[in-house]
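Thanks for coming, everyone. Please bring up the model on your screens. I'll walk you through a few spots.

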Amino acid sequence: MSAPAAPATVGYVRTPDRTERRWAANAAAVSALIGVLTVAFSAGNRTPAALVSAAAVAGYLLALRWRPPFALLLAWTYGPPVAALLHHRGESVVFLLIVAVSYLVLLEDDRRLRFAAGILAVAAPAAVQLAVRDDWGWPFWTGGLLVTWLSAEQMRRFRALVAELEATRERLAEQAVHLERRRIAAELHDLVGHSLGVLLLHVTGARRRIGDDPAGAEEALRRAESIGRAGLAEIRRSVAALRDETGTSLTPATTATDVPDLVAATAAAGGPARLEVTGELAEVEPITGLAVYRVVQESLANATRHAPGAAVTVAVRVRAADVEVTVADSGGPAPARGPGGRGGTGGVGLVGMRERVEALGGTLTAGPTATGWQVRALLPHSPAGDPVAAP
């Protein structure tokens, strides 16, 4: 969230912002109303009250356009009411002090200056009492000014809290957009990457067979076409789920029961892949099953890309508390790996798998073995956290 532009400053006077102008306008209106009511209902000399109200209104009107230094505003708004109380009997002008302390506390950012304004306002009735020795109910006015001061401070805190909550809401919205982009990127990577990898295997096999085995080449191309159509259909289902605004498309399109077909498609493309299943794949919950499918999918794509022709073993063990997935290939000792995954290509496959598994409360390890490369994921049957937010 971008910071608001600082108000223009000229010397010791700066231009007030929109909120400050609104406060000054409200203070001027209330002070004018106090003056009108005092003049209308006072039985004695009405001139002092009228002059004091006019001075207060003039000060607030000045603050609509320029913000004078705090000391000048304090003297302008506090001085006339106190002077009127010292020389004339007119307790109604204390209301002008109530307006002044509210305005200054709301306006001033310096806590020390706000404290000084509050103390001066609360002490004013007692000071007038000591100076003129006139019993005019000053304790009640002192209590009213104290409540006004504290209420203005509380309003400041409420406004700061609202601003903080608004900033937090914007940050959370930005974070949600970022996480959703990462989730979509991971989904597209899994869908397109694996489909294209297997499709290219078929196309490569067809190219090699087209001269001496036209029938085999045609069959490979037919399988490539089938895989391309299936991948396109899955992408369309994912896009439809992303565009669903009703929240009804929360069940993944693929689950653990689709893993055998996934391994079979890779084997049919020429990649020596076999599957070992312990337990019932149908018992795996849909969200966990989708993670199992994606881990196997990305691991097979990595094996196809970085260890073509190597034997790949996919083992899925469904137990009472968790599901273990192991994908190991015999591609030989792997070279140094980069942060993106096998072969140091800088991709997002390994990172995406780990984020998906950890979002469900599981763990994922990947690294070289004595004979090749292995990916091992351990996922709980009941995902931890919000599965919808998992990338």
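First, a term. A helix here is a DSSP run of H or I with at least four residues, and helices are numbered from the N terminus. One more thing before we start: this is a predicted model.

Let's begin with helix α1. It covers residues 18–41. Find Arg-22, which lies in this helix. How exposed is Arg-22? Its relative accessible area is 39%. Buried would need under 20%, and exposed would need over 50%. So Arg-22 counts as partly exposed.

Together with Arg-18, Arg-21 and Arg-159, Arg-22 makes up a patch of positive charge on the surface. Which element gives the most to that patch? Helix α1 does, with three residues.

Stay on α1, and look for Phe-41. Phe-41 also sits in this helix. Phe-41 has a relative accessible area of 70%, so it is exposed. Here the surface patch is nonpolar: Leu-33, Leu-37 and Phe-41 form it. Their accessible area together is about 350 Å². An α-helix has 3.6 residues a turn, so residues three or four places apart point the same way.

Now move to helix α4, residues 94–107. It has 14 residues. From first C-alpha to last, α4 reaches 20 Å. That is close to the 20 Å expected at 1.5 Å a residue.

Is α4 mostly covered or mostly open? Mostly covered: twelve of its 14 residues are buried. Among them are Val-94, Leu-96, Ile-98, Tyr-103 and Leu-107.

Pick out Ala-100, which belongs to α4. Ala-100 has a relative accessible area of 0%, and the cut-off for buried is under 20%, so Ala-100 is buried. What is the distance in space between Ala-100 and Ala-27? They are 7.6 Å apart, C-alpha to C-alpha. In sequence, they are 73 residues apart.

Last stop: strand β7, residues 373–380. Trp-373 is found there. Is Trp-373 buried or exposed? Buried, because its relative accessible area is 7%.

To recap: α1 contributes three residues to the positive patch. Twelve of the 14 residues of α4 are buried. Thank you.

Key
Residues are numbered from 1 along each chain as its sequence is written. This is a predicted model: local features need pLDDT of at least 70, side-chain atom pairs count only at pLDDT 80 or more; totals for chains, interfaces and linings use all residues. Side-chain values use heavy atoms; hydrogens and water are left out. Patches are made of residues with over 30% relative accessible area and no salt bridge: like charges are joined within 9 Å, nonpolar side chains (Val, Leu, Ile, Met, Phe, Trp, Tyr) within 5 Å. Accessible areas come from the Shrake-Rupley method with a 1.4 Å probe; for residues, only the protein chains shown count as cover. A salt bridge is a side-chain nitrogen of Lys or Arg within 4 Å of a carboxyl oxygen of Asp or Glu. Lys and Arg count as positive and Asp and Glu as negative; His and the chain ends are not counted. The place of a charge is taken as NZ of Lys, CZ of Arg, CG of Asp or CD of Glu. Helices (H or I, at least four residues) and strands (E, at least two) are DSSP runs, numbered from the N terminus. Buried means under 20% relative accessible area, exposed over 50%, partly exposed in between (1.4 Å probe, protein chains only). The expected span of a helix is 1.5 Å times one less than its number of residues.
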